[in-house]
Amino acid sequence: MAGKRKRANAPDQTERRLSVRVQEVRQKALDEKERLVRERVKLLSDKKSELCVDDTESHEKEEENVDGSPKRRSPPKLTAMQKGKQKLSVSPNGKDVNLDAHLKVTKCLRFFNKQYLLCVQAKLSRPDLKGITEMIKAKAILYPRKIIGDLPGIDVGHRFFSRAEMCAVGFHNHWLNGIDYMGMEYEKEYSNYKFPLAVSIVMSGQYEDDLDNADTVTYTGQGGHNLTGNKRQIKDQLLQRGNLALKNCCEHNVPVRVIRGHDCTSSYTKRVYTYDGLYKVEKFWAQKGVSGFTVYKYRLKRLEGQPELTTDQVNFVAGRIPKSTSEIEGLVCEDISGGLEFKGIPATNRVDDSPVSPSGFTYIKSLIIGPNVKIPKSSTGCNCQGICTDSKKCACAKLNGGNFPYVDLNDGRLIESRDVVFECGPHCGCGPKCVNRTSQKRLRFNLEVFRSAKKGWAVRSWDYIPAGSPVCEYIGVLRRTADVDTISDNDYIFEMDCQQTMQGLDGRQRRLRDVAVPTNNGVSQSSEDENVPEFCIDAGSKGNFARFINHSCEPNLFVQCVLSSHQDLRLARVVLFAADNISPLQELTYDYGYTLDSVHGPDGKVKQLACYCGALNCRKRLY
């Protein structure tokens, strides 16, 4: 659902969007959308778009994956890699092809997370591996053929939440082995190289002989390892498979991708894997290891010209949660919620010369019902006891298409976005721990409100946020839209457009329709314009931290309509969920849902506002 809010995307800009739309402007917006779609299709169909290397190198032969992404047919020359002179190909319309590569990676990972959660819901063993199987069946692996060097759309510093995610993308295709390599089946394509040939390695601290000095690594080959977890060798390693592949990389001067794995309690797999760039295998040798068995050692050196490392000594250093407020730089407020939230929300300001804290509003934790708004009577609910477990007997599950929308994982995760989610409410027999009350639970992440350079206040998390996790509800004063049309200088109005989204009105994106929407509640849209939601949430003077979450053209949150206490679509709760696995210190954003040229000033003229979201595919305008 595209939540629509009268909020500027830059400080001190408060242009007002009128709710009443003019037919001609609406048609113009639709024409603009069609033009953009045509451009995107043209870009995606460009078979020659690919990362290229230095001009002195020969052009690489290419073919397409099933999803339209390019495949490399010959390995990159090391000289260009060493000098850090990789360039982006440019499509005929002048856009970097890598922009769409990033979107493809995001789309691929979202699809995998959906399959993974569906397997969790089905109570399958190893849902991560089952999820990969479903990806293969759907031909959804982004890079099914192995590629030497960087993969388009995956930058240095990219973090994966599991080995399975790397397999789903095709970044590292072994869910257990530390060395991924090309086998003999690639011999015809790369006739100048000896096979097997390594493409990537994962360093997880699993071998007692590993030595990690960040830019220089002494890596222990695979095999002979005690899988019980004490890292000790129990037999000699052999120069075969992955070990032989790394040897061949050394002899042929071929770089490998290095991924470091780290313990992480707030990641849903308790691990996180960071891509740290391309390394050259400088030397290899065999020696007696610490346990007295033969091991193969490889010295790898990071190629120059790459972005700075985000990891060091296999210890994760980004996103460390401060032990006390005294450790927080630029602290201007210890807790903007004033103790109302389960976890305090500090505010920091390292931008202004004279740091100020968020002001001009009163923090509230639940919706305030405004004048002229009548809340419907509570629905009957289900007869489950304790927690809801049987979807065939739960009345609320039946409203969700016969199954629960959440899985009982990481304190509850939404499997996929829907038109509307029906949760258990006040008259249900289950208790507060029920998985079908996931969005009603207290704040679970350590968040921070911080001052940004161009967008005013913003929000980020100190914890990893798994995809599908609820982050917050948009809280303010519940009003009729007609009552706020005359309110000026208010950038925190969120239109409750669940009903419009379900109908796909005004360009809204429709979603999973597997829900049973009640038709006997006597509710209908009474506005003169069916595109204009009848109700909205005004967080101008009263609200929670959601009012500070900014817009992005490539957001990591999405808006989900939720019904719990009643079944009136017009008054559905507005909840923000994680669309992706979100790393610590990454700004939280969602799409405000404006259509270009849809905002008008008091004189009726179209208004424009620049977008500063920083996304690779930014539209450059908020509206």
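Asn 372 has a positive phi of about 70°, although it is not a glycine. Is Asn 372 buried or exposed? With a relative accessible area of 54%, Asn 372 is exposed. Please keep in mind that this is a predicted model.

You can find Asp 411 in the loop between strand E18 (406-407) and strand E19 (413-414). Asp 411 has a relative accessible area of 40%, so we call it partly exposed.

While we are on backbone geometry, have a look at Phe 195 and Pro 196. The peptide bond from Phe 195 to Pro 196 is cis, with omega near 5°. Pro 196 sits in a loop too, the one between strand E5 (179-182) and strand E6 (197-203).

Now let's turn to the sheets. In general, the strands of a sheet pair through backbone hydrogen bonds, and the pairing can be parallel or antiparallel.

Four strands make an open sheet, in the order E14-E15-E21-E22, with mixed pairing. Which strands stand at the edges? They are E14 (331-333) and E22 (457-461), and each has a single partner strand, so one side of each is left without a neighbour in the sheet. E14 pairs with strand E15, residues 347-348, in the antiparallel sense over two bridges. Within that pair, Cys 333 stands opposite Ala 347 in E15.

Another open sheet has four strands in the order E20-E29-E30-E23, and its pairing is mixed. At its edges we have E20 (421-422) and E23 (470-473); each has a single partner strand, so one side of each has no neighbour in the sheet. Let's zoom in on strand E29, residues 557-563, and strand E30, residues 573-578: these two are antiparallel and pair over six bridges. Here Cys 561 stands opposite Val 574 in E30.

Next stop, a helix. Glu 134 has its place in helix H4, residues 127-137. Its relative accessibility is 30%, so Glu 134 counts as partly exposed.

Take Cys 250, which is in no disulfide: the nearest cysteine sulfur belongs to Cys 249 and is 8.8 Å away. Cys 250 is buried, with a relative accessible area of 18%. Cys 613 is in no disulfide either, and its nearest cysteine sulfur, that of Cys 618, is 3.6 Å away. Why is there no disulfide there? A disulfide needs the two sulfur atoms to be within 2.5 Å, and the sulfur of Cys 618 is 3.6 Å away. Cys 613 is buried as well, with a relative accessible area of 13%.

Let's finish with a stretch that carries a label. An unreviewed UniProt entry gives residues 607-623 the annotation "domain: Post-SET". In the model, this span is 0% helix and 0% strand, and its end C-alpha atoms lie 7 Å apart.

How values were computed
Residues numbered from 1 in each chain as written. Predicted model: local features only at pLDDT ≥ 70, side-chain atom pairs only at ≥ 80, totals over all residues. Heavy atoms only, no water. Pairing = 2+ DSSP bridges. Buried < 20%, exposed > 50% of the residue type's maximum accessible area, 1.4 Å probe, protein only. UniProt positions renumbered as here; feature names shortened; annotations may be inferred.
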